[in-house]
Amino acid sequence: MASTKEKAPKVKYSKETYMYWYESMYLQRKFEEKAGQLYGQQKIRGFCHLYIGQEACSSGAVSALTKDDKWITAYRDHGHPLALGTDPKRIMAELYGKVTGTTKGKGGSMHIFDKDVNFIGGHGIVGAQIPLGAGIAFAEKYKGTQNLCMCYFGDGAVRQGALHEAFNMAMTWKLPVIFVVENNGYAMGTSVERTSNVRELYTIGEAYDMPSEPVDAMDVEMVHEAVKRAAERARAGEGPTFLEFKTYRFRGHSMSDPQKYRTKEEVEEWKSRDPLEMVKDRILKNGVATEAELEEVDAKVKAIVEESVKFAEESPFPQPEEAFEDVYVDAEYPFLRE
């Protein structure tokens, strides 16, 4: 007869953690698939960069940090606030440009912000969020909190000079910031191999004596563990960490991307390591939850996404005068006087 120890599932984390990962990643996947569909119907205009394939990068980090930590990223920014707990209805409304959106319809896909979950936004200028992330971390250190800043950027942003300035200052002042490059292989349509002699991007941090490491970011557990280690260093006053999340986007850079720079075989090879399917397989094989329990989550998420679309459809567009609101903090600023 098998012992109790032999019967126990070989898992590292609690059922609550695995179920959070699955639901969070599934929500991001279904939300982004719907956003892509709506973009094709011209319900969503402008730029739209989907996070499909990269969901473990956000969900695995959220589970390793606290609700008081701060987050900042680039313009592929729908997944992060969804993982942090922003209401999907408000994000969808923002994609629609509606007044009920996260930034009242003014930011659109590339500029989602949510102060309630400490998401300091998606930023459209490549690499601009890197020194901002260092600044957010400086504020936390100055105020004497135990909070840190998660600062995400793409592999293309590694070429920006601002990264090196921010890395130098962050190490000099031992700022509580975790710098993360979401290396999905391509800066828009240009591969890392064509833009840099340094192929292992995490080694760039070593030039500043910054603790740096590569992470298999298709595996949510690997993301969680790497971020947890970095967070422990930051909270102990040991300064920043640079993590290279090796990931892959299953869709184009944006919705207008014909993706002629990569082969179908390459995409399919990466899809065989789908982070969502990996965590689902781990849950089922180790008896963490049943197929029926996961189906309940699937139904719940699909209903949430449909509700977000209904909310966005029924919400009004902002009035023209809204363009003059939230521009200046001082209501008496001279430029507003008639």
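In what order do the 6 strands of the open sheet stand, and is their pairing parallel or antiparallel? The order is β2-β1-β3-β4-β8-β7, and the pairing is parallel. The legends below take this sheet and its surroundings in turn.

The model is predicted: local features need pLDDT of at least 70, side-chain atom pairs count only at pLDDT 80 or more, and totals for chains, interfaces and linings use all residues. Residues are numbered from 1 along each chain as its sequence is written, and side-chain values use heavy atoms, with hydrogens and water left out.

**View 1. The annotated domain.** UniProt, in an unreviewed entry, lists residues 24–321 as "domain: Dehydrogenase E1 component". UniProt positions are given in the numbering used here, feature names are shortened, and annotations may be inferred rather than shown by experiment. Over residues 24–321 the chain is 44% helix and 12% strand, with the end C-alpha atoms 37 Å apart. Helices (H or I, at least four residues) and strands (E, at least two) are DSSP runs, numbered from the N terminus.

View 2. Axes are lines fitted to C-alpha atoms, for helices over the stretch in contact, and angles run from 0 to 180 degrees between N-to-C directions.

**View 3. Strand β1 between β2 and β3.** β1 runs parallel to β3, joined by 3 bridges, and Ile 72 stands opposite Cys 151 in β3. With strand β2 (residues 119–122), β1 pairs in the parallel sense over 2 bridges; here Thr 73 stands opposite Gly 122. In a regular strand the side chains alternate between the two faces of the sheet. From β1, Lys 70 and Ile 72 point one way and Trp 71 and Thr 73 the other way, and all are buried (under 20% relative accessible area; exposed is over 50% and partly exposed in between, with a 1.4 Å probe and protein chains only).

View 4. Asn 118 is placed in the loop between α5 (88–96) and β2. Its relative accessible area is 15%, so Asn 118 counts as buried. Leaving aside residues up to four places away in sequence, Asn 118 touches Lys 67, Asp 68, Asp 69, Lys 70 and Trp 71; contact means heavy atoms within 4.5 Å.

**View 5. Strand β4 and its covering.** 6 bridges join β3 to β4 in parallel, and Cys 149 stands opposite Val 177 in β4. Strand β4 (residues 177–183) is also joined to strand β8 (residues 241–246) by 6 bridges, again in parallel, with Phe 245 in β8 as the bridge partner of Glu 182. Of the 7 residues of β4, 7 are buried. Val 177, Phe 179, Val 181 and Asn 183 lie on one side, and Ile 178, Val 180 and Glu 182 on the other. Helix α7 (residues 161–172) lies across β3, β4 and β8, at about 150 degrees to β4. Helix α9 (residues 220–235) lies across β3, β4, β7 and β8, at about 155 degrees to β7.

**View 6. Aromatic pairs.** The whole structure contains 14 aromatic pairs. Rings of Phe, Tyr and Trp (its six-membered ring) pair if their centres lie within 6.5 Å; planes under 30 degrees apart count as stacked, over 60 as edge-to-face and the rest as tilted. Tyr 13 and Trp 21 have ring centres 5.4 Å apart and planes at 80 degrees, so this pair is edge-to-face. Trp 21 is buried, with a relative accessible area of 0%. Trp 71 and Tyr 152 are stacked, 5.9 Å centre to centre with 15 degrees between the planes, and both are buried. Trp 71 lies in strand β1 (residues 70–73) and Tyr 152 in strand β3 (residues 149–154), so the pair ties together parts 81 residues apart in sequence. Phe 153, Phe 167, Phe 179, Tyr 208 and Phe 242 form one aromatic cluster.

**View 7. Lysines over rings.** The charged end of Lys 98 sits over the ring of Phe 317, 4.7 Å from its centre. Lys 89 lies over the face of Phe 311, at 6.0 Å from the ring centre. A charge sits over a ring if NZ of Lys or CZ of Arg is within 6 Å of the ring centre and within 35 degrees of the ring normal.

Definitions and conventions: Two strands pair if DSSP finds at least two bridges between them.
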